[in-house]
Amino acid sequence: MVSFLSQLRMALPVLSAVACMLTVATTVPPMPRDALSPERLQWIREIIGNQTDFNATSDVSKRSTIISTRKDGIDAAGFYYSLYNANGADVGYTEYPTTGQFELGWSAKTEFLGGKGYRGGNPRSLTWDGYFTAEGDWTLAIYGWTLNPVTEWYIVESHGSGTPGNGHILGQVNSDGGLYDVYSLPYRNVPKIYGVTNFDQHWSVRRSHRTSGTVDVAAHFRRWKEMGLDPGTPIFQMVTLEGFSGKGYLNFKVE
């Protein structure tokens, strides 16, 4: 009996996540890993364009909130949170506004992205821990955008069946107890994002996978600059799960 109750308690978070998922049918095919959809570009434009709108708390509720469609903001504890889900993936994101905690459950056949961290400031260290399980095509990363210049960046800690990067390794970052391979992907002639139609995407991909720990974003930015890459000033930095297909659940606390 004790063994059964222990197993039941361990299963409750997963069952809770499954219960909060939507049963939304979609005919949108999985998005190619090397392309940004018009919906994703619009989400990016809105985040960058509204960079000055998050100085004040936008959600002061003390209760958790389940999100299933596109939303971002700064909660009562000062954490920036965001869910991108323009293509109707079955996703339930639980936002805890008074702590760094968030939950994400998904059963996806198309792209989505959700996470929690910090808005603005200088490159910083992010620490996160908690429960994680996933299968299929997904990427767990510290993720963000910068201005001056406009860049998109990933520090990948673990991933599923997909292969982050573009196969052309520029060098390595030795940080956070691991070795990362560095890639850069150019995006040219895209719809205008904060005044530019060209931007670069920078990647550090960890060779030894992990699902919790600490990442020193500043160390990656310094090494990228040594390799001739040019990340600018962070718009946001957050622990992020990006999914393309498959299912999973996480319950993290970010510090």
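Student: Why is Glu-242 called buried?

Tutor: Buried means under 20% relative accessible area, exposed means over 50%, and partly exposed lies in between (1.4 Å probe, protein chains only). Glu-242 has a relative accessible area of 4%, so the residue is buried. This is a predicted model, in which local features need pLDDT of at least 70 and side-chain atom pairs count only at pLDDT 80 or more, while totals for chains, interfaces and linings use all residues. Residues are numbered from 1 along each chain as its sequence is written, and side-chain values use heavy atoms, with hydrogens and water left out.

Student: Where is Glu-242 placed, and which residues does Glu-242 touch?

Tutor: Glu-242 is in strand β13 (residues 233-254); strands (E, at least two residues), like helices (H or I, at least four), are DSSP runs numbered from the N terminus. Leaving aside residues up to four places away in sequence, Glu-242 touches residues including Arg-40, Glu-111, Trp-138 and Tyr-154, where contact means heavy atoms within 4.5 Å.

Student: Which residues does UniProt list for "active site"?

Tutor: The unreviewed UniProt entry lists Glu-152 and Glu-242 under that name. They are spread over 91 residues of sequence but cluster in space, the largest C-alpha distance being 13.8 Å. UniProt positions are given in the numbering used here, feature names are shortened, and annotations may be inferred rather than shown by experiment. Glu-152 is found in strand β8 (residues 151-159) and, with a relative accessible area of 0%, is buried.

Student: What makes the pair of Tyr-154 and Trp-203 stacked?

Tutor: Rings of Phe, Tyr and Trp (its six-membered ring) pair if their centres lie within 6.5 Å; planes under 30 degrees apart count as stacked, over 60 as edge-to-face and the rest as tilted. The structure holds 16 aromatic pairs. Tyr-143 and Phe-236 form a tilted one, with 5.8 Å centre to centre and 55° between the planes. Tyr-143 lies in strand β7 and Phe-236 in strand β13, so this pair ties together parts 93 residues apart in sequence. For Tyr-154 and Trp-203, the centres are 4.1 Å apart and the planes are at 10°, so that pair is stacked. The latter pair links strand β8, which holds Tyr-154, to strand β11 (residues 199-206), which holds Trp-203, across 49 residues. Both Tyr-154 and Trp-203 are buried.

Student: How do you know that the side chains of Glu-95 and Lys-116 make a polar contact?

Tutor: A polar contact is a pair of N or O atoms within 3.5 Å; within protein, one must be able to donate a hydrogen and the other to accept it, and residues adjacent in sequence count only if both atoms are side-chain atoms. The two side chains meet at 3.1 Å, and the contact qualifies. Glu-95 is found in strand β4 (residues 90-95) and is buried, with a relative accessible area of 1%.

Student: What places Arg-124 over the face of Tyr-118?

Tutor: A charge sits over a ring if NZ of Lys or CZ of Arg is within 6 Å of the ring centre and within 35 degrees of the ring normal. Arg-124 lies over the face of Tyr-118 at 3.5 Å from the ring centre. Arg-119 likewise lies over the face of Tyr-80, at 5.1 Å from the ring centre.

Student: Why do strands β9 and β10 count as paired?

Tutor: Two strands pair if DSSP finds at least two bridges between them. Strand β9 (residues 171-175) and strand β10 (residues 178-187) have five bridges in the antiparallel sense.
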